[in-house]
Amino acid sequence: MASDDQEGPGVDPKNVVVSVLKACQLMESFTRERPNLTLADLTAATGMNKTTVHRLAATLIQAGWLTRGEGATYRLTMRPFRVGAVALAELSLRSEAVPFLRGLADRFGDTAYLMIPGPDGAVCVDIFQGNNPVRVNTVGVGTVLPYHTAAGPVVMLAFSAELRERWLARTLDQYTSHTLVDAATLEERLEKIARDGYAISEEDYLYGVGAVAAPVFDAQGELAATLSLGGVNDGFRGSRLLEIIEGVTSSARQLSSRLGH
């Protein structure tokens, strides 16, 4: 845990809320061996004074992160565990996806992508590059793509009513001459994607780039991610395109199965 004057690399100290750092430090005092801590325990563990610890604990109780334990103790609620479960789910997803990403990249030579829904677009969380000499390097881990372009993002719109309603309510940006920005036309495309179970992208986000994507579902049947393969658009034609569609959709179904779908 960083002290008050030890912010992370690249963080402007003016943007750091010290009380939040202290609250995080307080919560990190709880362990499996010591799930219930008194005010004195928390004071000793954090090095803060009792007044500060008491006020932080009261605030965390109000926020639903802490509750009163037996006697004069505090303990964590289930809320931190729910947040942690989200992080674990993403780690599990990436781990399970690796053989399918590698398999697609090795089989076709293009770049395989794993994307998850984010608040501002589809987030690329993992990639595997094949051995084709011509590669698409514009999209990497951490890249956020608009939902109405490229294969992976539009699959998310097609299979998530919540995302579709939210995204189509905005003005859609044009990235290439192939980008669909008319909501009604895009709706028709999304309905077809939902029926087919995959999306084909042809230069609607980047000129010269094509892709195929399919949805990945979790144990609750909710959209968890997309698997996609992208490369030079000319390579996504004819019988090879049919092979790519089969490979991507099959991989997505198997990954969904591993996630409990």
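Predicted model: local features only at pLDDT ≥ 70, side-chain atom pairs only at ≥ 80, totals over all residues.
## A walk through the strands and helices

Strand S8 (residues 209-217) runs antiparallel to S9, and nine bridges join the two. How many of the residues of strand S9 are buried? Nine of the 10 residues in S9 (residues 223-232) are, so this strand is mostly covered.

Now move to another sheet. Three strands form an open sheet in the order S1-S3-S2, with antiparallel pairing. Why is one side of S1 and of S2 left without a neighbour in the sheet? Strand S1 (37-38) and strand S2 (66-68) stand at the edges, and each has a single partner strand, so one side of each has no neighbour there. S1 and strand S3 (residues 73-76) run antiparallel and are joined by two bridges. At Thr 38, the residue standing opposite is Thr 73 in S3. Helix H3 (residues 50-63) lies across S2 and S3, and runs at about 100° to S2.

Helix H2 (residues 39-46) contains Thr 43. Leaving aside residues up to four places away in sequence, Thr 43 touches Met 48, Asn 49, Lys 50 and Val 53.

How covered are single residues? The table shows three of them.

| Residue | Relative accessible area | Class |
|---|---|---|
| Cys 24 | 30% | partly exposed |
| Cys 124 | 1% | buried |
| Thr 43 | 15% | buried |

Thr 43 counts as buried because its 15% relative accessibility falls under the 20% cut-off. As for cysteine pairs, the model has zero disulfides.

Finally, find helix H8 (residues 238-258). H8 has 21 residues and spans 31 Å from its first C-alpha to its last, close to the 30 Å expected at 1.5 Å a residue. Which residues of H8 are buried? Among them are Leu 241, Ile 244, Ile 245, Val 248, Ala 252 and Leu 255. An α-helix has 3.6 residues a turn, so residues three or four places apart point the same way. After H8 comes Gly 260, with a positive phi near 100°.

Terms used
Residues numbered from 1 in each chain as written. Heavy atoms only, no water. Pairing = 2+ DSSP bridges. Helix = DSSP H or I, 4+ residues; strand = E, 2+ residues; numbered from the N terminus. Contact = heavy atoms within 4.5 Å. Axes fitted to C-alpha atoms, helices over the stretch in contact; angles between N-to-C directions. Disulfide = S-S within 2.5 Å. Buried < 20%, exposed > 50% of the residue type's maximum accessible area, 1.4 Å probe, protein only. Expected span 1.5 Å × (residues − 1).
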